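Reader: I would like to go through some labels on this model. For each one, I want the value and the cut-off behind it.

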Amino acid sequence: MPDSGIGASVTRKEDKRFLTGRGRYTDDLNRPGQAIAYFLRSPVAHAVIKSIDTSAAEAAPGVVAVFTGKDMETDGVGSLPCGWVVKDKHGEPHKAPPHFPLVRDKVRYVGDHVAMVIAETLAQAKDAAELIEVDYDEQPPVIDAAGAMQGALLHDEAPSNLCYDWELGDEAAVDDALSKAAHVVKLDIVNNRLIPNAIEPRAAIAEFSPAHDSYELFSTSQNPHLLKLILCAFVLGIPETKLRVIAPDVGGGFGSKIYCYAEETACLWASKRLNGRPIKWTAERSESFLADAHGRDHLSSITLGVDADNKFTALKVLTTANLGAYLSNFATCIPTYLYATLLAGQYITPVIYCNVKAVFTSTAPVDAYRGAGRPEATYVVERIVEVAARQLGVDPAELRRKNFIQPDQFPYQTPVALTYDVGDYEPALDQALKMIDYSGFPQRRAESEARGKLRGIGFSAYIEACGIAPSAVVGALGAGVGLWESAQVRMKATGSVMVMTGSHAHGQGHETTFSQVVSDYLGIPYEHVEIVHGDTGQVPMAMGTYGSRSLAVGGSAIIKACDKIIEKGRKIAAHMLEADVGDVEFKDGNYTVSGTDRSKSIGEVAFAAYVPHDYPEGVEPGLDETAFYDPLNFTYPAGVHIAEVEIDPDTGVTTIVDWVAVDDFGKVINPMIVEGQVHGGIAQGVGQALLENCAYDENGQLMTGSYMDYTMPRADNLPSFKVDMTESPCTHNPLGVKGCGEAGAIAAPAALMNAITDALGQEIDMPASTEKVWRVCQSRRMAAE
């Protein structure tokens with residue numbers, strides 16, 4: 001199927017409904033008799049709640065009910081859990097203070113959930129919320145991660161604001177190697193806090209049915225089954241058979257919609273309290289800024305050892321990670337197992353040590369955001385390698401090349417636990433150098449200088465771990481769930497196919513890509529494949545979408561189910577063709593008796609399966625198979641991005657004049673979709689490096705709580721990207737795919753910051769805002785005078 005199968009740039013089938021306004025998002029849905037929820041949020045960063053008076057609000061027009069944490073406590077509502085146990089360097093589990101959907105005694109960040117108002121309209125709910133009187137006994141806020149250990153105690157259940165002190169590697173061995181290194185390079189960096197800003201805000205509609213003693217929840221979730229599991233097993237104690245979670249069309253997630261949040265939990269609980277009245281809540285953008293899980297927020301000190309031949313000998317990284325006021329569902333593993341285990345990068349570094357101190361602060365919870373630990377790791381590795389090249393006076397491209405893991409060294413065991421199955425890094429570097437015209441850069445720099453401008457070029461040779469993840473591995477590392485995936489493939493009597501996948505789409509193009517895979521594999525028209533996802537009432541239990549796992553794990557589950565379809569069909573075809581099963585071959589949608597021209601199409605076989613008048617003995621009717629796939633290893637996409645910038649020292653404006661991305665995603669199913677994913681990821685990485693920065697003042701007030709202050713990247717911040725790919729297929733999944741959704745966001749910040757610091761001739765932290773760059777330029781000018 002070259003026009004619609006694997007490798008074809010098929011136009012996305014889901015885009016027709018999105019572009020014509022026929023998408024079905026949670027806020028588009030309404031239930032008969034629904035009421036509207038609004039949450040009163042804390043206006044202070046840290047305070048003990050002495051009292052809450054809701055009487056005036058309860059008497060306000062249109063108000064149905066007002067609930068506080070005490071009401072939920074009475075009903076035995078549990079804490080929102082953290083699903084990954086990280087053990088510190090002494091073997092003790094991380095500190096896990098409770099996180100109740102509505103606070104009970106204390107608020108810990110601006111935006112914390114104090115009360116829930118339910119009314120006939122949103123306006124009435126808002127008006128009533130203003131009538132709630134809360135007596136706050138304010139405490140000193142803890143804003144700065146670096147000083148969190150010395151700040152006021154946020155959780156009485158923990159002895160300090162330290163969540164864990166974790167390490168990976170042998171510190172003594174690394175220190176010894178550094179002491180013997182010919183060159184030691186040091187760098188302190190900030191990985192700035194980000195707010196995800198999916199185009200669709202979070203939303204929920206919850207409905208309890210008294211007649212059936214069951215619940216239904218519509219949610220903007222990236223993984224409805226996991227949301228269901230958390231609500232049932234940990235928070236509300238609902239039997240799994242009594243809760244159906246539906247995630248309809250979802251407008252972006254970037255990790256921020258993985259989690260079980262307070263709002264949807266409270267709506268579900270409140271619907272039962274109100275005898276089955278549906279409760280709807282949709283976040284306003286200001287609420288998203290305040291209370292969606294944030295991302296990044298690391299402070300790191302890096303030391304790299306280099307020998308006399310410019311080979312890396314040791315790497316030491318000391319990181320303080322800000323987890324915010326509470327632990328989100330996967331917060332603990334982001335600065336540890338998804339970060340420190342990637343510090344080898346694409347290089348041979350014999351010994352690596354990483355220490356991570358994760359702390360609580362009076363800020364919004366922090367969890368996975370596009371890339372989730374991998375962007376932070378790449379930023380550490382690629383910034384220190386670039387600085388090393390400058391201090392050693394060697395070409396940054398050649399320093400990387402000299403230290404690359406070589407193709408004949410795979411599978412490669414890194415010193416930070418992971419085993420890379422396959423890779424070939426030099427072709428990507430060579431192609432990127434050619435595409436950026438690297439040899440012509442000195443001339444372009446001279447031309448810029450002649451016009452009074454500064455020009456710089458920066459590299460990022462990234463690697464990431466995707467296809468998350470082997471259940472046995474993550475279980476041993478503290479994960480509370482397995483990370484397999486499921487699929488059900490149902491071939492109908494007329495030969496069309498319905499695929500129920502546990503992977504959830506929120507912009508990735510699953511309906512197209514999965515259809516291409518099934519079309520190619522079963523030899524049926526692409527248009528005859530329907531993809532169903534996002535409904536726990538229709539789709540087998542699954543783990544959802546994040547970590548670039550949809551195709552590598554979810555797609556592999558689909559392939560395994562297709563294999564079962566093919567094998568059952570072979571038995572039916574053999575009977576129809578009066579041949580031995582072993583003599584029947586399957587190719588391009590046809591079963592053929594080997595060495596003959598006798599054949600039956602898979603459509604004919606499917607019809608026979610549902611009309612089994614003349615049917616093989618012992619074979620069940622129907623053609624409907626389910627499969628589960630648990631990966632054997634992570635997948636390891638890698639590549640090289642090169643950014644070239646020009647800076648106007650009079651204004652501080654940085655212009656990205658060129659960008660090259662050469663990525664190895666293994667086998668590519670739809671090149672057009674993959675290129676679009678790369679473009680989007682780069683845009684987000686550019687946003688972090690140049691513009692975006694979540695900032696709190698000394699009182700814990702969010703200063704970047706709107707698009708007036710939190711500057712998202714725009715079209716004029718970006719060049720036309722030049723994208724190319726190399727291919728070294730993954731060795732352990734049936735499709736040979738690796739994942740592409742996060743690569744741009746992982747590679748881009750380091751490439752751009754390396755280019756900017758190359759142009760400026762000195763270090764600068766993200767975001768490299770116009771003002772910050774201008775001040776550096778003025779300091780240079782004054783020093784020169």
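Predicted model: local features only at pLDDT ≥ 70, side-chain atom pairs only at ≥ 80, totals over all residues.

Reader: Why is the pair R277 and E120 called a salt bridge?

Author: The cut-off is 4 Å between a side-chain nitrogen of Lys or Arg and a carboxyl oxygen of Asp or Glu. R277 and E120 come to 2.6 Å, N to O. The pair therefore qualifies.

Reader: What makes R277 partly exposed?

Author: Its relative accessibility is 22%. Buried means under 20% and exposed means over 50%, so R277 falls in between.

Reader: Why is R401 called buried?

Author: R401 has a relative accessible area of 18%. The limit for buried is under 20%, so R401 counts as buried. Its salt-bridge partner is D430, with the closest N and O atoms 2.8 Å apart. D430 is in helix α11 (residues 426-436) and R401 in helix α10 (residues 396-403), 29 residues apart. D430 has a relative accessible area of 38%, so D430 is partly exposed.

Reader: How do you know that K738 and D664 form a salt bridge?

Author: Their closest N and O atoms are 3.3 Å apart. The cut-off is 4 Å, so the pair passes.

Reader: How many salt bridges does a search of the whole structure find?

Author: The search finds 47. Some are linked: E382, R383, E386, R390, R400 and E763 are in a network of salt bridges.

Reader: Now the domains. How do you know that domain 1 and domain 3 touch?

Author: Contact means heavy atoms within 4.5 Å. On that rule, 19 residues of domain 1 are in contact with 19 residues of domain 3. The domain assignment gives domain 1 as 17-139 + 199-252 + 257-291 and domain 3 as 484-629. Their centres, taken over C-alpha atoms, are 39 Å apart.

Reader: How much area do domain 1 and domain 3 bury between them, and what supplies it?

Author: They bury about 1400 Å², 54% of it on carbon and sulfur atoms. Q222, H225 and R244 supply 42% of the area that domain 1 buries against domain 3, more than any other three residues.

Reader: Which polar links cross the interface of domain 1 and domain 3?

Author: The rule finds 2 salt bridges across the interface. The count of residue pairs in polar contact is 10. On the side of domain 1 that touches domain 3, α6 (224-235) and β11 (243-246) each supply at least two residues. Helix α6 gives the most, with 5 residues.

Reader: Last, what makes the length of α19 close to the expected one?

Author: Helix α19 (residues 770-784) has 15 residues and reaches 21 Å from its first C-alpha to its last. The expected value at 1.5 Å a residue is 21 Å. In α19, V773, V776, C777 and Q778 are buried. Their cover includes β18 (454-463), β26 (638-648), β27 (653-664) and α18 (743-760).

How values were computed: Residues numbered from 1 in each chain as written. Heavy atoms only, no water. Helix = DSSP H or I, 4+ residues; strand = E, 2+ residues; numbered from the N terminus. Expected span 1.5 Å × (residues − 1). Buried < 20%, exposed > 50% of the residue type's maximum accessible area, 1.4 Å probe, protein only. Domains from an automatic or database assignment. Buried area = accessible area lost by both parts, 1.4 Å probe. Polar contact = N/O pair within 3.5 Å; in protein donor to acceptor, adjacent residues only side chain to side chain.
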